[in-house]
Amino acid sequence: MIGKYEIEVYNNKAHYFLSIKRNITILQGNSATGKTELIRLIQEYEENGVSSGITLKCEAKCTVLTMVDWERRLESLTGHIVFIDETASFLKTQRFAELVKGSDNYFVIVTRDDLGMLPYSIDEIYGLKNDEQKYRTYHKVYNEMFRLYNFDISKSIVPETVITEDSNSGYDFFSLVFPEKCISAHGKDNVYNEIRKVRQQSILAIVDGAAFGSEIGKILRYLKWSDSECTIYAPESFEYIILSSGLFDVPKEILDETYLHADSKRFMSWEEFFTYYLADITRNSVFQYGKAKLGEAFKTDGAVKKIVAVLPMNYGRIIH
Amino acid sequence: MLKIYYGDLEADNYIFNPDVFFNNSYEDEWIIDPESKEMIKDIDGSNVIGPRAIDSPFLGSISTERLSGGVKTLILMKFDSDHIFNASACGDNCASWILKIAKEKELTIRLGYLMDFGKGPFEIEILNLNKIVTSMQELNESVLDNRLI
């Protein structure tokens, strides 16, 4: 499934607006902000149509997946936006993760617990905002500027330690930019541990925002109450940085309208899509890209300068 | 005293879905209890008209079954001591109420995320570790260092 979908659902008491553009969207936040009410409206509309007194406007079909026969139902669905409430105990199962992978559906999941088996984006975690009592729109839970999180905008960051989520090409590159400061966390699950190990130093942690959704909440809540001085830099992915650097001729819509290209059946996350796309356009060239090791062509002064130019360093936000 | 089990819990008296459990088990007197009324007002912004009728600022007159999942879980925590409830049904705005209920009785809950209990002071026992913590920093570090969630 590809595309961006505007969803408007309302009855005479509540009116919701959502915009969905990736395969996984997470809704969370305080109690009594209307998450369950939203699911209820969609379910009642699904069961009763216009007779429900509810209006649902969306170019894709919307459905609610409950505990009842969930596995068989999910296997048979295609082209739907599937809403799931936190009361569904299958959310954290391996089987659910398997069925989401390769699914031709988008998922909107209400949950406060992290779903570590699903690679969802930091950008697609939303909370409800009551503009007025009746009208409810969703806003990003994790707001950022320059894709920097836990960042004091009045200051520049001078990192003494740089932690990369990636252990391969991304780590190779940032080791060039931050020589002798860079360490790899060897995966998203270990970023917190590496932050914890560093004491009394300014830290910059570089993660793939497109698939770091299950970790960001834990780390930012930890940082809120700790004395650790750590900023998270979360671009979509290292490959996205390269694609947006101008090093290659990349159509603007690949970067700006990724939802038109990153088919959920083929790509579990946009990180996977950007990796595929970069590998595809550099195949059989000196820049041939592989995730395991950064090619020498990317390490030349000219290439490094171009890539660094799209990083927050270019805006004086990070001093390296 | 508040006791928290973090992560996936398997126990005969564990209630994963307090919302549905509440609908099928609540007593009328729970709803008209003064502290329940306060919780309903604080979390949902609603007024209790009677044990089976709530005045919601968003939804109008609603039945008790349409209270938020968070406030239903709080009421269960207060009145049902036989079960362990999944407090991931509660947002951060329920945290101070959980601490308050736990001052009045021994309360055991399950959590799957780092609920923000604020500056404290508080005493929380992390059951997985048999450890008592007194600050959010200590709580978060204990949970994450031990990969409880």
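The model is predicted, so local features need pLDDT of at least 70 and side-chain atom pairs count only at pLDDT 80 or more, while totals for chains, interfaces and linings use all residues. Residues are numbered from 1 along each chain as its sequence is written, and chains are lettered from A.

Select chain B where it touches chain A: 32 residues of chain B are in contact with 22 residues of chain A, contact meaning that C-beta atoms, placed from the backbone, lie within 7 Å. Helix H6 of chain B gives the most to this side, with five residues, helices being DSSP runs (H or I) of at least four residues and strands runs (E) of at least two.

Next, select residues 213-225 of chain A, helix H6(A), together with residues 136-145 of chain B, helix H6(B), which pack at an angle of about 145° with their axes 8 Å apart; the axes are lines fitted to C-alpha atoms over the stretch in contact, and angles run from 0 to 180 degrees between N-to-C directions. Show the side chains of A:Lys218, A:Arg221, A:Tyr222 and A:Trp225, which meet B:Met136, B:Gln137, B:Asn140 and B:Leu144.

Now move to strand S7(B), residues 107-111, where five of five residues are buried, that is, have 20 or more other C-beta atoms within 10 Å of their own. On one side lie B:Leu107, B:Ile109 and B:Leu111, and on the other B:Thr108 and B:Arg110.

Note on methods. Contact = placed C-beta atoms within 7 Å. Buried ≥ 20, exposed ≤ 12 C-beta atoms within 10 Å, placed from the backbone.
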